Each structure stands twice: as structure tokens, then as C-alpha cells.
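Good morning. I will go through one structure, a piece at a time, and you can follow along on the screen.

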Amino acid sequence: MSTPYRASVPTPGASPQWRSLDDLARLEGGGDEFPADASEWPDALSRRRFLQLMAGSLALAGTGACTRQPREEIVPYVRQPEALQPGQPLYFATAMELGGEAFGLLVRSDSGRPTKIEGNPAHPATLGRSSVHMQAALLTLYDPGRSQGLMKSGSPATWEDLLGTLTEQRARWQERAGAGLRLLTRRIASPTLREQIARLLTKYPQAQWHEHDAAFPAPPLPAGLRLERAEVIVSLDADFFGSGALHPRAAFDFAKRRRADHGRLYVVESTPSLTGAMADHRRALRPGELADFARGLARAVREPGAEADPWIPAIARDLTEHRGRSLVVAGEFQSPEVQASARELNEALGNVGQTIDNLPPAPGPRAAALPELARAMHSGEVEALLIFGANPAYDSPADLDFNAALEKVPFTLHHGIYFDETAGRCAWHVPESHFLESWSDARALDGTVSIVQPLIEPLYPSKSAHELFAALLGELPADGYEIVRSAWQQRPGGGGFESAWRKTLHDGIAPQTGTVSAPPAQGATTQIPPTEPAAFQASLELIIRPDPHLLDGRLAENAWLQELPKPFTKLTWGNAAHLSPRTAERLGLAHGDVAELRYRGRTVRAPLWILPGHADECVTIHLGHGRNCAGSVGSGCGFNAFALQTSEAPWGGRGLEIHKTRERHVFATTQEHQRMEGREPVRVETLGKPTTPPAEAAPAREETLYPNIDYGRPSWGMVIDLNTCIGCSACTIACQAENNIPVVGREQVLRGREMHWIRVDAYFAGSVEAPQLLHQPVPCMHCENAPCEAVCPVAATVHDHEGLNVMVYNRCIGTRYCSNNCPYKVRRFNFLSYNDTHAPQLALMRNPEVSVRMRGVMEKCTYCIQRISAARIEAEKEARPIRDGEVVPACAQACPAEAITFGDIHDPESRVAALRQSPRHYALLAELNTRPHTTYLARVRNPNPEIA
Amino acid sequence: MGQIVCAWQAAIGGARGLRVNSGFARMAQLFPQYTNTLARIALPCLALGFSVVAWAVHAAWFSSYATEVNTPVEQPVPFSHQHHVAGLGIDCRYCHTSVETSAFAGLPPTETCMTCHSQVWRDAPILGPVRESWTTGRRLRWKRVHDLPDYVYFNHSIHVQEGIACVSCHGRVDRMPLMAKQHSLYMRWCLDCHRAPERHVQPMSEVFVMRDEPAQAAAASRLASRGELRGESPPIFERGRQAVREKAVRDTRLEDCSICHR
């Protein structure tokens with residue numbers, strides 16, 4: 001059964017590429033072509049009943065089609081805003097805050113509704129690129145699950161009620177100089193909010209401010225890194241492409257270096273990460289061994305000598321040969337010891353100021369940590385607790401027992417975008433305005449300050465943190481705009497305020513606020529060293545990390561992120577405990593077993609995921625799942641890893657035991673969907689070695705029964721560079737936002753019905769013990785000889801004169817023949833009415849330039865035809881051809897590494913035509929002679945000859 | 001015909017056929033004799049019935065009831081294009097400001113109405129809703145007259161730019177006291193022009209002029225409806241062809257699905 005697939009592998013002898021252990025077994029031993037039970041009738045519905053329903057719906061559909069189009073209205077403005085033209089979008093600069101850092105954005109507004117988020121090219125943290133979190137922030141704005149009203153002890157209340165209560169409270173705080181008053185926030189990026197906090201702490205000197213951010217214990221890593229300058233990078237479990245939140249800047253700079261001269265990246269880590277997948281050399285070590293490795297490396301650079309590990313002298317030599325052009329980064333979740341080794345190495349190698357900068361801390365008062373607050377609450381010292389944005393009732397370490405502590409506080413107030421676990425336990429809950437509906441400001445880690453300007457009036461009676469703080473302080477102005485504006489007016493600055501304010505609003509950054517100079521090195525990060533009781537020395541290690549998409553659970557209600565397949569596992573709607581194949585074998589555990597994880601007296605039940613490339617003798621779990629008050633989307637997905645977190649070792653440690661239960665878990669994973677049948681889709685080359693001539697790899701088969709169509713100009717095409725693609729999936733979410741792609745939910749994902757138009761396939765290559773990790777984004781290939789077109793009985797998918805394979809929704813009758821015949825498996829079918837057409841908020845979110853597809857219609861990547869159309873119309877109005885780079889599809893615009901290039905392949909001057917001449921250029925499944933317009937550049941490895 | 005009738009009888013197990021085939025057991029007659037006559041009458045009736053139904057569906061589909069052509073739509077204010085365009089000579093773009101730059105031609109904000117009507121016809125009762133909108137800030141809600149399906153993406157600016165006059169689609173609005181559609185806006189109607197743009201494209205100076213489409217266009221639509229080939233070149237289209245050439249309209253592109261649907 002497996003013979004045909006093996007025969008079609010283009011380079012026999014090379015290590016095969018596989019997606020999972022099941023896939024590998026199938027390739028080697030020949031398993032079933034189709035997943036188990038694929039041919040089974042999946043429903044309780046009988047065949048007879050099904051036919052009855054079909055006949056009934058056919059008749060009803062026929063009659064339904066006879067209705068007249070409903071009469072629509074045109075509702076013009078009373079006074080039309082000056083710049084607004086109905087039908088033409090406007091773009092506004094704003095910024096979002098994540099992990100205490102500002103990300104500058106440009107947001108598209110269609111008739112006053114924000115409909116798409118992009119990075120701001122002028123902002124140093126984004127440079128016009130974006131990440132999954134930036135893209136998905138749009139759904140949070142329109143989420144029908146948001147908190148929609150002020151609550152007092154679980155019943156609706158008014159803002160005036162709260163103001164009355166606050167006046168009473170203020171009198172009490174005044175009396176006692178704020179003793180017993182505590183503030184709890186997440187990491188804050190807003191200078192104005194910091195000033196307000198400072199004023200509160202001045203007014204009530206005994207009050208205390210605490211900061212708790214479960215996903216960002218420290219500033220996001222890449223802020224001070226200058227990856228474009230580093231020729232040799234060593235990552236000690238530093239996941240600068242995916243840690244917590246992807247930092248678009250890191251991927252951008254890294255890709256710049258890779259394109260220039262490749263450089264070399266060594267990654268030593270425990271859990272496969274996006275950074276590990278980009279490595280030229282990747283090593284999986286458990287956290288304890290990793291600390292030894294870091295120490296050994298520091299020693300080897302200091303005084304070269306014999307080392308037990310052959311990697312250490314090799315890397316040390318490579319580093320010392322690149323003094324000032326190398327970089328050693330320790331992950332923010334690593335112990336202070338590893339951090340110290342990295343710092344020592346960078347200083348010894350003269351990298352400080354060259355490839356790594358120490359960044360100035362944000363001005364203003366410092367906050368205390370959560371454990372101190374919990375202790376004070378337990379001892380009854382806290383009389384009033386004001387929680388801003390944080391959700392400690394869910395995301396605090398289990399040993400703090402925060403919920404019990406919260407009950408001892410007489411006055412509690414929660415300000416948040418959701419009515420979450422904490423809101424339900426607080427006396428007052430105030431809905432928080434989304435950043436797209438409120439005024440604020442935000443500071444990037446390099447000091448650049450942006451104004452956060454709203455694009456829409458608040459959808460619900462919500463308040464921004466500034467407005468709530470003004471009410472707390474009893475200050476005027478009370479309006480968000482006035483608060484931010486007056487704060488900016490008070491700051492020193494030359495020239496007229498009005499013009500400077502307007503310029504800052506327009507550009508998205510305040511001029512000359514960023515600093516890139518390196519002040520004196522900061523001390524060690526204030527992280528409590530993990531205590532390792534001797535009893536645990538021989539046991540398994542637990543690794544706790546924020547979820548790559550949901551972070552610490554704050555984004556659990558975001559359905560786009562829930563359904564976005566996670567790196568390497570392609571798991572959706574849940575989490576798992578990851579461990580290596582060897583450890584699983586030793587413990588007699590199987591993939592999908594539900595096990596009890598016992599860690600220092602606490603227990604949680606988790607399904608097990610056997611992940612090749614994971615370090616042995618340790619287990620990784622992700623935070624952010626298993627919420628019970630997230631809302632209708634996020635509640636009840638996965639297990640809660642906070643139950644195992646302790647405040648003294650929040651990121652894990654020794655002492656884990658695994659006990660198998662009889663239960664089994666079915667993962668909603670897309671890893672096995674849209675399989676490439678073992679045909680080695682990712683081409684990997686080695687730097688300096690001659691590339692495989694394409695003729696050898698895929699014998700040219702040019703003969704075809706189709707007429708040869710000579711497309712004129714433009715003829716659109718896309719080239720995806722697998723050497724710079726970091727696999728972050730920002731393209732997937734950007735596409736989802738731009739093209740009104742619905743989510744389908746866990747049950748439908750289990751049936752293989754996910755709707756993403758561009759998916760990111762993950763492959764393992766080589767041995768199970770030390771596999772190479774590979775990524776490949778796959779959108780529609782827009783084949784010239786498109787197999788889908790030949791089989792459509794109603795010509796609903798056809799070619800146009802610009803080389804696009806277009807999908808005509810209004811012709812589609814849903815036979816799904818096209819999807820069957822597509823070798824790339826890129827077509828998506830609306831099995832059900834996935835688009836929620838009932839929630840009025842979601843109707844506001846949709847891109848008006850793209851049809852909302854109904855049930856029974858096939859859809860797929862269109863190369864963002866609405867953007868092509870807009871560019872063509874503009875060009876024709878000016879009577880000129882479309883310029884190269886004028887059309888940018890959503891995926892290419894979002895890609896932080898600029899790995900996706902789009903343009904006219906028949907224009908010899910275009911970037912995409914130049915890339916198609918590269919020796920690394922290849923077409924996916926070229927042997928099928930489909931002549932795709934989406935093509936790839938091969939991945940390149942630059943191994944160190946001493947290690948290889 | 002006889003052949004068909006026999007087949008029909010065989011299919012329904014006609015009495016005669018049964019009698020011939022059953023050699024031994026004489027079976028009771030299932031159908032009485034007159035069934036044959038009924039069948040003979042029913043066949044042409046069925047054919048006729050189908051034709052009538054098909055004709056009725058077709059007629060209904062293109063009737064003004066379905067297309068709403070020439071059927072004025074009731075509006076909150078009975079705005080007269082005839083008065084404003086023909087009587088006062090106001091240019092289309094005075095109110096439909098974004099027609100040259102945006103997909104949507106734009107409907108005037110209340111402010112535009114009030115530029116004049118704060119001075120003239122200040123107390124006219126029919127302008128009550130406009131004054132109310134102006135004082136209360138509540139928007140006027142006009143009924144859409146030209147409404148394409150949601151999967152069609154029509155762009156005014158490019159049509160105007162390429163020389164499609166307002167009258168080509170909207171008709172002589174200067175003769176309409178109340179606004180009504182002049183064309184069905186069916187896909188066939190769109191394609192008539194997209195397949196032969198030279199029959200409708202005009203020089204820019206003519207685009208906003210309220211004049212009947214040139215005689216050749218009228219003739220052209222008759223030719224087109226008779227299925228004449230686009231390759232033919234009657235001399236009356238020379239001016240349109242000239243305009244098409246000057247504007248470099250890519251006529252191969254104009255028939256792509258993706259030009260209107262996405």
C-alpha cells in the first residue's frame with residue numbers, strides 16, 4: 001500500500017520527512033491511507049433520514065430562492081467626516097500593549113469600523129510586521145463574550161453607584177494614609193497610567209502596588225537583541241521567535257541576517273520551539289543539563305580545555321572567532337545561573353553594545369510581586385484590593401491560594417475586558433475598554449512612546465484604566481481623551497503642543513523618544529532561584545511555559561487563537577503534557593493516554609503528547625487552558641497547568657511523577673490533515689554544497705492535455721522562503737482576519753474541517769531521537785494546470801487572465817470534486833454555516849470587500865483578490881501598470897520575516913521573478929506538472945563542520 | 001408519435017401489452033380501455049404545460065415586478081432628480097461626491113441638503129424629515145434603488161474613469177420625478193457591456209451629461225441582443241472603439257469572473 005508513495009519520494013536515500021510518529025510508522029511500515037474510521041458514517045443520523053432531509057431541504061431551498069432580495073437602506077451621515085469617503089478605507093496609527101511593551105499598529109477602518117490590524121512601519125517594535133497576537137486583537141474587540149456591563153456582587157450596577165462607593169472608600173483611605181490599599185496590575189506600558197499610579201501612591205503613601213504577569217515575568221526577550229548584527233547566535237532555551245508573544249522585530253532582524261550571509265544559530269532547549277526549528281544545530285537537553293551546558297560553555301570560552309561534551313569546544317571556538325559579532329541569549333524562564341552564564345559570555349566576547357543592548361527601565365515607581373500581596377491578604381492586612389486587567393483567581397501559582405485570600409479582603413474591584421474568574425469573586429467589576437476603543441499611550445522597550453488612539457466608540461459601557469484611575473483619585477478630567485492629552489501637555493517638549501500632538505497621532509510614534517544607547521548593565525533579573533529538595537534529584541523534571549497562542553489564558557476567549565494549530569503538534573482547542581518518545585517508552589506511556597501529573601503534592605490530569613525532539617526525562621505543560629470562566633469559547637478547553645505552579649519555582653523543577661490512568665484523550669489536531677503522502681515537501685540544502693539540480697529531483701514532465709495559455713501581464717505569483725519562515729502562523733491569522741474566515745470548533749476540527757486558507761505544515765526530518773524541525777506554509781498554489789478546474793461540473797473554479805485560479809462562490813454547488821482533486825489539499829468546504837451571522841458585533845468585524853461564504857460552498861486562498869482589484873483600479877485610473885510591491889496579500893503583509901513575496905512573475909524587474917531564478921527555487925510536487933504560481937525557496941543549513 | 005405511445009403503454013403496463021405477453025394465466029385488466037386515450041391527450045398537454053411554466057417563469061423573471069424596472073421606490077423624502085438636475089442644473093457630483101474616487105458613489109449627508117434648504121423651501125412640509133435629521137442629528141434612511149447582490153463588487157470610480165456615462169446605467173434621471181431603476185441589473189445586462197465596451201464607452205466630457213446614450217449605443221444593444229458577434233465593426237462604434245483604445249481597457253480581463261466576484 002505504501003509503495004507508490006515511497007516511489008514518488010524525489011530524493012531516495014535522504015532522511016524522510018514526517019509529521020508525527022504515526023505518520024512515520026505509516027511511511028516505514030505502510031499503514032492505512034485514510035485515518036481510521038474515515039469511511040464510517042459519522043452521525044447517528046440514518047441514511048434514510050439523511051435522504052429525507054436532503055430532499056426536504058432541496059425543495060425548501062428551491063422555494064427559498066424565489067424570494068425577492070430584501071430592500072436595503074442607505075444611511076448617509078448628517079455631517080460627513082472630512083477625510084471619510086464611503087467605500088474607501090482609512091488607516092489610523094495606534095498601538096497595543098502586550099507584556100508591558102508597546103507594539104505600534106496601523107489599523108484599517110471601513111466606515112468607522114476597525115477591520116484589520118497591521119504593524120506600523122515607523123514603530124521600532126513592529127516595523128510594519130505583525131504577530132498572531134496583534135492580528136487576533138481584532139476578534140477580542142468584537143467578541144460577543146466580552147463583559148458588557150458594570151456589576152456589583154453579581155448584579156448589574158451603574159457607574160454612578162460605583163462613584164458613590166469610591167467616594168466613601170476614598171475617605172477611608174485618606175484617613176489611614178492608604179494603609180491596606182493595594183493595587184494589582186499586569187505589566188504596564190502606558191506612561192500616563194504609570195503617572196496616575198505614582199499620583200495614587202503619593203496621595204496614599206501607605207498604599208502598595210503589585211505587578212503580576214504570568215506570561216511575561218520579565219520584559220520580552222528580543223527587545224535588546226540586535227539579531228541582524230549577530231553572525232553566531234547561541235540560544236540557551238531562549239525562544240525569541242515565540243516566547244510568550246512573538247516579537248516581530250526579532251524575526252525581521254534575524255531574516256535580514258539570514259538573507260545576507262546566513263550566519264549560524266545554535267539552539268539548546270528542552271521543548272521544541274520556533275527558534276529551535278530555525279537552528280543550524282539544535283540540541284534537546286533537560287533544564288538541569290542545560291545549566292551545566294551553559295556553565296561549560298562559559299568555561300570553554302574563558303579557558304579553552306577538554307570538555308566532555310564535544311559540542312561545547314566547537315561552539316566556543318565558533319563564538320571566539322566571532323567576537324563582537326556573536327550573541328548568547330538565555331531564555332527568560334531560565335534560572336539566574338543560566339542568565340549569569342549568558343551575561344558572562346556576552347561580556348567576555350565583547351558583544352554588549354554590539355549585538356545586545358541593555359535597555360533603560362521605564363521611569364516611575366517599581367511594583368512589588370504577587371506572593372507578597374497574597375501573604376498580606378492571608379494575614380488580613382489588605383482592606384481594599386483594586387485589580388487592573390489581571391486575573392489572579394486563575395493565573396496565580398497554586399500555593400498562594402489566591403481565591404481564599406481574596407475572600408478575606410473587604411473591598412475588591414476588578415477592571416477587565418472579560419467577566420472572568422477574578423471578576424466573579426470581586427465585589428465590583430468594571431468592564432474595560434479595548435485598546436481600539438479607548439485613549440491611552442504606550443512605551444516600547446527602547447523608550448519610543450506612541451499614543452493609543454481609538455478607532456471606534458466603546459461598544460459597551462466600558463471604561464479605560466485611565467478613566468477608572470481618575471475616578472479612584474477623584475480627579476478631573478475624567479474623560480480618557482482629556483486625561484491622556486493633558487498628561488502629554490504637561491510633558492516637556494519644544495514647539496507648539498497642538499502640532500506635535502497631531503503629528504504623533506498621525507505617525508504613531510512620538511519623535512525622539514526612543515533610546516538605543518546602552519546604559520550601565522542591569523543587575524541580575526530578580527528571580528527567586530528554584531529550590532531543589534534533594535529528594536527530587538532523580539525524578540522527572542516539569543517545565544511550565546505560557547501557551548504560544550493563549551499566553552497565560554488572557555486570550556483563551558479568542559476563538560482564532562484557540563483554533564490556530566500550535567507549533568509542531570498542530571494541536572487546537574486544548575493543551576497536552578509533552579514528553580520525548582524515549583521517556584514515554586521507559587514509563588510505558590502512549591500518545592493520548594491521560595495521566596495524573598503529581599508535582600510537589602499537587603495533581604492534575606493531563607493527556608500525554610509524545611513529541612519527537614523533546615528532551616528526555618522532562619515534561620512540558622502549557623498555561624492558559626482549563627479555564628472555567630473564560631466565556632462560551634474558552635471555558636473547559638484543556639487542563640489548568642496553574643494547578644501545578646508554585647511561587648518559588650514558577651517555571652518548573654524536579655519532583656514530577658506520572659501515573660497512567662485508563663482514560664484516553666482524542667486530540668483535535670490538524671497534524672495529520674491534508675497529508676502530503678510522504679513526498680518530501682520541504683527541500684533542505686546545506687550551505688556551500690551544490691544544490692540538487694531540479695532536473696534530478698523531479699524529472700521534467702511538460703506534456704499536458706490542457707491548452708497552453710499564455711498569461712500576459714500581470715501574472716500573479718508568490719514565493720515563500722522556507723529559509724526565513726519561522727513558522728509563527730501570523731500569516732494564518734492575518735488571512736483569517738482579512739478574508740472573513742470562520743472558526744469551526746473542536747468537534748469540526750476532529751473531522752478535519754478546519755477552514756484556514758493558509759496552513760503552516762510542520763515536519764520532522766531524520767531520526768526520532770534528534771529530528772530536524774521544519775515548517776512550510778501552504779496556501780493555494782494557483783496552478784496553471786489546475787486539477788481542481790478540470791473536475792468542477794459547474795465551472796465554479798476557473799482561471800482568470802491574471803493567472804489566478806478563482807473561486808466563484810455564487811456558482812458553487814458544493815460537489816467537493818475540486819477539493820478531492822487538489823494535490824496540495826488547500827481547498828476548504830463550508831460543511832455547515834460556520835460564519836456566525838447572528839451576532840451583530842461580528843458583522844461589524846467583517847471585511848466588506850470579501851464575500852461571507854455560506855454553507856455548501858467551497859473556498860480557498862484568492863491571493864487576496866480584493867487587494868489586487870483595488871490596486872488595479874487605482875493603477876487604471878492613473879493609466880499606468882501596477883507597480884511591483886503595490887499588491888501585498890494579508891499573509892505577506894503580516895509575515896514578520898518577510899518570507900512571503902508576491903508580485904508579477906512575468907515582470908522581469910519584479911522581486912518575485914528574481915526569486916524564481918534562485919538556485920534554491922522549487923515548486924511543490926513539481927512532478928505533477930501543475931505549474932503552480934506559489935513556489936518555494938529551499939531551506940538552507942549551515943552546520944558547523946566540527947559538530948556535523 | 002405512435003412509437004412513443006407504445007413505449008408509454010409498455011411502461012405503464014398497458015392492458016394490450018399484458019394480454020399479448022401472458023400466454024397462460026389471463027390476468028384481470030389493470031387499466032380500463034379509455035386510459036389509452038387519456039395517455040394520448042396527457043402527453044401533449046404535459047409538453048404544453050412545461051412550456052407554459054417555463055414561459056411564465058421567464059416572463060416573471062424579466063417582468064418589472066421582479067426587476068423593479070421603472071418602479072419608483074417610496075423614500076422618506078420624495079426627492080425629485082428631475083427638479084434638481086433638469087430644473088436647477090445641479091451636477092451629479094455635487095451630491096454623489098465620491099463617484100470618481102470610490103466604489104460607492106455616495107449619498108449626500110443631510111448637511112448638503114441643508115446648504116440650500118436652510119435658505120429655500122425652509123418650511124416645505126415634505127422637507128420635514130430633512131430638517132428633523134438636521135436638528136436631531138438622526139440620519140435619514142433612504143431606500144436603496146440600485147441594489148446588486150452582496151457577492152458582486154461594483155466600483156463606480158473605475159466605470160466613470162473608463163468613460164461609462166451615468167445615463168448608461170441609471171437612465172435619464174433628469175426626467176425622473178421619483179427615482180426608479182432603468183435596467184434589470186442582471187448579470188446578463190452587465191456582460192452585454194463587458195463583452196462589448198466600445199458600444200458604451202464615451203469620452204470623459206460626456207460622462208456626467210444627461211443626454212440619451214448615443215444612437216449607436218441604442219442600436220448596439222439591439223444588435224447585441226440579437227447575438228451579433230463582438231468582432232464585427234459597424235462604423236457607428238468607431239468613436240467608442242477609439243475611446244477604448246485610448247483608455248487601454250483590457251477587454252480580455254472584463255469577462256473574468258474575478259472582475260466582479262471575489
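Let me start with one pair of residues: Met96(A) has Phe103(A), in E4(A), as its bridge partner. Before going on, please keep in mind that this is a predicted model.

That pair belongs to a longer pairing. Strand E3 of chain A, residues 90-98, runs antiparallel to E4(A), and nine bridges join them. The two strands form a hairpin with two residues between them. In that turn sits Gly99(A), with a positive phi of about 60°.

E4(A) itself covers residues 101-110. Is this strand mostly covered or mostly open? Mostly covered, since seven of its ten residues are buried.

Within it, Asp110(A) stands opposite Arg113(A), which lies in E5(A). E4(A) and E5(A) form a hairpin too, with two residues between them. In its turn, Ser111(A) has a positive phi of about 45°.

Keep Ser111(A) in mind and look at Glu946(A). Glu946(A) lies in the segment that follows strand E36 of chain A, residues 939-941. Along the chain, Glu946(A) and Ser111(A) are 835 residues apart, and their C-alpha atoms are separated by 60 Å. Why does Glu946(A) count as exposed? Because Glu946(A) has 12 C-beta neighbours inside 10 Å, and the cut-off for exposed is 12 or fewer.

Now to another sheet in chain A. Here three strands form an open sheet in the order E1-E27-E28, with antiparallel pairing. Strand E1(A), residues 17-18, and strand E28(A), residues 772-778, stand at the edges with a single partner strand each, so one side of each has no neighbour in the sheet. E1(A) is joined to E27(A), residues 759-765, by two bridges. One residue pair to find there is Gln17(A), opposite Ala765(A) in E27(A).

Next, the second chain. Chain B has 13 helices and one strand. Where does the strand come in the sequence? Of the 262 residues in chain B, 19% are buried. Take the contacts in chain B between residues at least 6 apart in sequence: 71% of them join residues at least 24 apart.

Last, the place where the chains touch. There, 34 residues of chain A are in contact with 37 residues of chain B. On the chain A side, the elements giving two or more residues are strand E2, at 73-74, and helix H27, at 865-877. Which element gives the most to this side? H27(A) does, with six residues. Sorted by class, the chain A side has 15 nonpolar, eleven polar and eight charged residues.

The strand of chain B takes part here. E1(B), residues 142-143, pairs with E2(A) in the antiparallel sense, over two bridges. In this pairing, Glu73(A) stands opposite Lys143(B) of E1(B).

How values were computed. Residues numbered from 1 in each chain as written. Chains lettered and ligands numbered in written order. Predicted model: local features only at pLDDT ≥ 70, side-chain atom pairs only at ≥ 80, totals over all residues. Contact = placed C-beta atoms within 7 Å. Helix = DSSP H or I, 4+ residues; strand = E, 2+ residues; numbered from the N terminus. Nonpolar A, V, L, I, M, F, W, Y, C, P; charged D, E, K, R; others polar. Pairing = 2+ DSSP bridges. Buried ≥ 20, exposed ≤ 12 C-beta atoms within 10 Å, placed from the backbone.
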